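Subject: Structure for you to look at, with notes

Dear colleague,

The sequence and the coordinates come first, and my notes come after them.

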Amino acid sequence: MRYQDDPPPPSGLEVLDSDEEIPVISVEMLHEDRVDFEAGIRMFPPITVSLIVACGVVYARQVAIGGLDNIGRVIETGGMHRDEVFGGELWRLISYGFMHANGEHVFGNMAMLYVLGIACEHAFGGGPFLFLYLLSCVGGALLAMRGDMPLVGASGAIFGLAGALITMISVNRRKIELRDHRVGL
């Protein structure tokens with residue numbers, strides 16, 4: 001029951017006249033503007049497809065010139081190795097990300113790049129996505145330089161993309177509507 005001295009109900013709540021006050025939640029209280037993350041997503045985003053093609057071409061060239069014959073040959077043909085990087089060959093911090101050790105390696109990485117690339121290129125835009133990919137590639141190489149083993153593969157860049165996507169979805173979880181919650185997972 002409501003008395004004359006009672007303060008008015010909070011904005012958006014209606015009070016029913018009865019023995020007990022039952023608040024009613026209005027539409028304004030429930031409505032929250034969210035962006036449909038999947039709206040307008042492209043199945044063949046151009047930067048992602050270009051990166052996949054580039055990795056495929058580089059792998060075909062590796063096979064054609066015997067770039068996978070042994071560890072020395074992998075280093076000679078552009079694999080990341082800390083001694084060469086410390087010697088001034090900084091381009092290896094990116095070149096290794098387009099090289100792969102075998103067919104299964106390139107196929108697995110390109111499948112993951114495709115899936116993550118669709119979401120990341122859509123979320124961040126083409127230019128920022130490419131920057132993020134290359135930055136993650138460099139970051140992966142720098143972390144791997146703790147060891148002495150030569151490095152090839154796009155895994156560092158792919159993990160960077162995964163981390164960026166997870167972070168973006170997590171930080172903006174109240175602003176983004178995911179129709180398929182497996183994307184967030």
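Predicted model: local features only at pLDDT ≥ 70, side-chain atom pairs only at ≥ 80, totals over all residues.

Residues are numbered from 1 along each chain as its sequence is written, and side-chain values use heavy atoms, with hydrogens and water left out.

Overall make-up

The protein has eight helices and four strands, where helices (H or I, at least four residues) and strands (E, at least two) are DSSP runs numbered from the N terminus. Read from the N terminus on, the elements follow the order β-β-α-β-α-α-α-α-α-α-α-β. Of the 185 residues of the protein, 31% count as buried; buried means under 20% relative accessible area, exposed means over 50%, and partly exposed lies in between, with a 1.4 Å probe and protein chains only.

Helix packing

Two packed helices are described by the angle between their axes and the distance between the axes. Here the axes are lines fitted to C-alpha atoms, for helices over the stretch in contact, and angles run from 0 to 180 degrees between N-to-C directions.

The axes of α2 and α6 come within 9 Å and cross at roughly 165°. The two helices α2 and α6 are therefore roughly antiparallel to each other, since angles under 35 degrees count as roughly parallel, over 145 as roughly antiparallel, 65 to 115 as roughly perpendicular and the rest as oblique. Their contact is made by P46, I47, T48, L51, I52, C55 and Y59 of α2 together with G103, V106, M110, L113, Y114, G117, I118 and E121 of α6. By class, this contact of α2 with α6 has 11 nonpolar, three polar and one charged residues, with Ala, Val, Leu, Ile, Met, Phe, Trp, Tyr, Cys and Pro counted as nonpolar, Asp, Glu, Lys and Arg as charged, and the others, Gly among them, as polar.

Helix α6 (residues 103–124) also meets helix α7 (residues 126–144), and their axes come within 7 Å and cross at roughly 130°, which makes α6 oblique to α7. On the α6 side the residues are L113, G117, C120, E121 and F124, and they meet G126, P128, F129, L132 and Y133 in α7. The contact of α6 with α7 has seven nonpolar, two polar and one charged residues.

Helix α7 packs in turn with α8 at an angle of about 125°, with the axes 7 Å apart, and α7 and α8 are therefore oblique to each other. In this contact F129, L132, Y133, S136, C137 and G140 in α7 meet G156, A157, G160, L161 and A164 in α8, and these residues divide into seven nonpolar, four polar and no charged.

The core

The largest nonpolar core has 30 residues, and those with the most contacts inside it are M80, L113, Y133, L161 and L165; such a core is a set of buried Ala, Val, Leu, Ile, Met, Phe, Trp, Tyr and Cys residues joined through side-chain atoms within 4.5 Å. The helices α2 (46–64), α6, α7 and α8 (155–171) each supply at least two residues of this core, and the largest share, eight residues, comes from α8. Not counting residues up to four places away in sequence, M80 touches V85, R92, L93, Y96, A141, A144, M145, M149, P150 and L151.

Single residues

Q62 is found in helix α2 and counts as buried at 4% relative accessibility. Leaving out residues up to four places away in sequence, Q62 touches G67, L68, M99 and H100.

A54 also lies in helix α2, but A54 is partly exposed, with a relative accessible area of 27%. A54 and F98 are 44 residues apart in sequence, yet 7.0 Å apart in space, C-alpha to C-alpha.

I71 has its place in helix α3 (residues 71–76) and is partly exposed, with a relative accessible area of 47%. The C-alpha atoms of I71 and M149, 78 residues apart along the chain, are separated by 8.9 Å, and I71 touches M149 and P150, not counting residues up to four places away in sequence.

With best wishes

Terms used
Contact = heavy atoms within 4.5 Å.
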